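Trainee: Could we take a close look at one part of this model together? I'd like to follow the aromatic rings and what surrounds them.

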Amino acid sequence: MAKTFNTTADCKPHLHYMVDLTSRLIQIQQMIDKGEYFTISRARQYGKTTTLRSLKRFLGSEYLTASLDFQRIGTARFENEHLFSTAFTRLFIQAVHQQVILEDAALQHAVQMLENAASDNPEFGLLELFGHLGRICGDCEKPIVLMIDETDHAASHPVFLDFLSQLRACYIDRDLAPAFQSVILAGVYDIKNLKRKIRLEQEHQQNSPWNIAADFKIDMDFSQSDVEGMLAEYEQDFHTGMNIPKIAGLLCEYTSGYPFLVSRLCQIMDETVTGSQYFADRAAAFTKEGFLEAVKQILLEKNTLFESLADKLYSYPSLKELLHAALFSGDRISFNPDNEIIGLVSMFGFVKNTDGNLAVANRIFETRLYNLFLSEEEINSRLYAAAGMDKNQFVQNGMLDMDLILEKFMHCWAELYSHSDEKFIEDNGRKFFLLYLKPIINGTGNYYIESRTRDNGRTDIIVDYHGKQYIIEIKIWRGNEYQKRGIRQLAEYLHAYHAKKGYLLSFDFNKYKKTGIREIRYGDLCILEAVV
């Protein structure tokens with residue numbers, strides 16, 4: 001049976017196309033060899049479960065690896081430490097039985113003692129549990145690694161804090177009494193900072209019982225070489241003739257290596273784009289055009305990752321305002337992890353620290369946010385309505401007439417907003433142009449904002465339409481010298497994209513301004529400027 005790209009549950013090497021995790025697993029084993037306790041805290045669908053299961057196989061016979069999943073413990077089992085301890089015991093014994101060598105009689109006896117204690121003692125709790133766990137660690141011929149996945153399921157329950165306290169005590173006293181070689185907790189929430197997940201007395205808010213954990217600094221993003229390796233395996237099976245470095249580069253450029261997004265785009269190209277109207281087979285689908293079609297589809301679909309992003313925006317209005325200002329007004333917002341909202345949304349993987357400033361984590365998330373914010377204004381937007389009514393005239397022989405789009409936008413702007421003040425236009429200029437552009441390209445094209453050039457004065461919008469790219473720079477008029485510098489920068493950008501024509505949309509607040517459209521020749525380049 002052929003392998004597939006997987007975006008649900010963990011990836012299995014014999015069933016799914018995967019990146020090679022070996023380098024990450026080597027780094028994690030180095031932490032285990034040093035006896036470190038740590039947390040793998042990453043956003044949803046970031047490959048945590050896949051990493052843990054791969055790690056268990058990778059450690060092989062060197063360690064006894066007890067791998068638990070806290071999702072298997074029902075909520076009622078977290079009501080008190082007796083219920084929790086007995087449930088934990090069952091999971092732990094099941095995990096050990098998967099690996100125990102029958103000849104290890106001492107270990108078998110210690111495990112049986114734990115099972116008997118949990119079954120026969122109605123007072124069995126954390127103290128008794130950890131007493132038996134220490135005995136098991138001492139009797140086992142191999143060091144024991146405890147791995148617990150889905151710790152978020154437990155993190156809102158007070159008994160989990162007590163459980164962490166016991167682990168902490170074992171770690172501190174490991175030179176005096178047998179203990180786990182290493183403990184790995186995996187989840188979205190950073191267990192070292194439970195105050196975002198649980199609200200208890202002041203002591204618990206300030207002092208986490210997991211402050212003995214080592215920092216986990218291993219990069220779990222997919223690099224371009226990671227993605228190339230996965231695509232090379234796919235290519236061996238299907239012989240598409242794809243340009244592997246090019247497709248891998250596009251995947252990383254749009255996703256910044258977010259594992260779910262990389263796999264989902266590959267999955268869409270393989271399962272949905274292949275055989276569709278314009279992409280007859282896999283050879284056609286695994287091209288730049290097929291990739292852009294997959295981008296269009298992922299931006300329109302509902303999945304748990306995007307739903308989580310939207311949920312955070314509506315749960316935290318201040319976050320929504322912050323991101324809106326960053327995207328549409330170009331505001332530079334310092335990345336301060338001590339800010340609770342920034343720390344929270346960073347933990348969920350939706351934003352990142354870029355040179356000390358807050359930035360949306362990747363181009364897919366960013367475009368999804370633009371679409372969300374724009375959709376909230378489409379109904380009442382006269383620009384959106386005007387563009388929708390005139391949509392057909394902007395497409396000639398299947399291609400966009402970007403010259404006409406800028407000309408018509410200029411006329412609509414003059415009619416609707418020409419008397420608006422400077423602050424209003426600075427805050428909303430790019431939003432209004434995107435509202436005008438969106439109904440024209442919807443269903444056929446994509447757009448994104450080029451983050452490398454975003455600042456308060458200028459924005460580059462890249463439009464992909466039937467395989468052709470249009471580069472539009474939006475800028476605020478700051479004088480002739482600024483304009484000349486902007487033209488030079490746009491020219492450099494056009495060369496980088498191997499484009500011969502670019503577009504400038506200039507918002508000019510000079511009362512003596514001269515609106516209109518003019519063509520600028522810059523070497524062998526043509527730049528069309530619309531001044532409003």
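Trainee: Does Phe70 count as buried or exposed, and at what relative accessibility?

Mentor: Happy to! Phe70 counts as buried because its relative accessibility is 0%, where buried means under 20% relative accessible area, exposed over 50% and partly exposed in between (1.4 Å probe, protein chains only). Bear in mind that this is a predicted model, in which local features need pLDDT of at least 70 and side-chain atom pairs count only at pLDDT 80 or more, while totals for chains, interfaces and linings use all residues. Residues are numbered from 1 along each chain as its sequence is written, and side-chain values use heavy atoms, with hydrogens and water left out.

Now for the rings. Those of Phe, Tyr and Trp (its six-membered ring) pair if their centres lie within 6.5 Å; planes under 30 degrees apart count as stacked, over 60 as edge-to-face and the rest as tilted. The model has 39 aromatic pairs by this rule. One of them joins Phe70 to Phe88 edge-to-face, with 6.4 Å between centres and 80° between planes. This pair links distant parts of the chain, 18 residues apart: Phe70 is in the loop between β2 (64–69) and α3 (81–97), and Phe88 is in helix α3. Helices (H or I, at least four residues) and strands (E, at least two) are DSSP runs, numbered from the N terminus. Phe88 also counts as buried, because its relative accessibility is 0%.

For another pair, look at Phe409 and Trp413: their centres are 6.0 Å apart and their planes at 35°, so this pair is tilted. Phe409 and Trp413 are about one helical turn apart, because they lie four residues apart in helix α18 (residues 402–417). Both Phe409 and Trp413 are buried.

Back at Phe70, the picture widens: Phe70 and Phe88 belong to one aromatic cluster with Phe78, Phe84, Phe92, Phe130, Phe160, Phe163 and Phe180.

Rings also have charged partners here. A charge sits over a ring if NZ of Lys or CZ of Arg is within 6 Å of the ring centre and within 35 degrees of the ring normal. Lys312 places its charged end over the ring of Phe348, 4.3 Å from the centre. Over the ring of Tyr448 sits the charged end of Arg363, 3.6 Å from the centre.

Finally, helix α18 also holds Asp403. Asp403 counts as partly exposed because its relative accessibility is 26%. Setting aside neighbours within four places in sequence, Asp403 contacts Lys501, Tyr503, Ile517 and Leu528, contact meaning heavy atoms within 4.5 Å.
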